[in-house]
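User: Hello! Could you walk me through the ring contacts and the nonpolar core of this protein?

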Amino acid sequence: MRITHEADYAIRVTYCLALAGEKQCAKDISEATGVTLRFALKILRKLTQSGITKSYKGVAGGYELNYSPSEISLGAIIECIDGPIAINHCLANEFQCTHMGTQNECDFHRVFSEINRSLRDQLCSITMDRFLPPQK
């Protein structure tokens, strides 16, 4: 299982904002993260729509975190970009498993579901403050 490049960049964009601790323009975020401006704007739009960041329009516009870094998890960022975490297609809501609901419930689904729950719990327990340098 891999997260998408977009989700990886979203984590880096969020980290950049957490590190800055204040409003940043998209151009500065793009340069600091190595993400093209166009792609950074797309990511920032999704982060803002999900409530992770907030945006300001105009000459003094930019982006900043909507929550403290200790309240933003890797899981929230990934799900904001990629949707619900699912290690197998049978765990996706739109998938109709032909083995579920029968007397012999699919063992693979049960195992994948346990692994998925553990992975999601771990990603949601790691917050952005973990990556910030210690305060002096």
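**Rings and core**

Analyst: Happy to. This is a predicted model. To begin with a charge and a ring, Lys23 sits over the face of Tyr56, 4.9 Å from the ring centre.

User: Which arrangement does the aromatic pair of Tyr9 and Phe39 have, stacked, tilted or edge-to-face?

Analyst: The structure has 1 aromatic pair. Its partners are Tyr9 and Phe39, with centres 5.7 Å apart and 90° between the planes. Planes over 60 degrees apart count as edge-to-face, so the answer for this pair is edge-to-face.

User: How many residues apart in sequence are the parts that this pair ties together?

Analyst: Tyr9 belongs to helix α1 (residues 5-20), while Phe39 belongs to helix α3 (residues 37-49). The pair therefore links parts whose separation in sequence is 30 residues.

User: Is Phe39 buried, partly exposed or exposed?

Analyst: Buried would need under 20% relative accessible area, and exposed over 50%. Phe39 has 23% relative accessibility, so it counts as partly exposed.

User: Which element gives the most residues to the largest nonpolar core?

Analyst: This core has 27 residues, and Ile29, Ile43, Leu44, Leu47 and Ile77 touch the most other members. Two or more residues come from each of α1, α2 (26-33), α3, β2 (62-65) and α4 (74-82). The element that gives the most, with 7 residues, is α1.

User: What does Ile43 touch, not counting residues up to four places away in sequence?

Analyst: Ile43 is one of the core residues that touch the most other members. Leaving out residues up to four places away in sequence, its contacts are Glu6, Tyr9, Ala10, Val13, Val35 and Ile81.

Conventions:
Residues numbered from 1 in each chain as written. Predicted model: local features only at pLDDT ≥ 70, side-chain atom pairs only at ≥ 80, totals over all residues. Heavy atoms only, no water. Phe/Tyr/Trp six-rings, centres within 6.5 Å; stacked < 30°, edge-to-face > 60°. Helix = DSSP H or I, 4+ residues; strand = E, 2+ residues; numbered from the N terminus. Buried < 20%, exposed > 50% of the residue type's maximum accessible area, 1.4 Å probe, protein only. Lys NZ or Arg CZ within 6 Å of the ring centre and 35° of its normal. Core = buried A, V, L, I, M, F, W, Y, C linked by side-chain atoms within 4.5 Å. Contact = heavy atoms within 4.5 Å.
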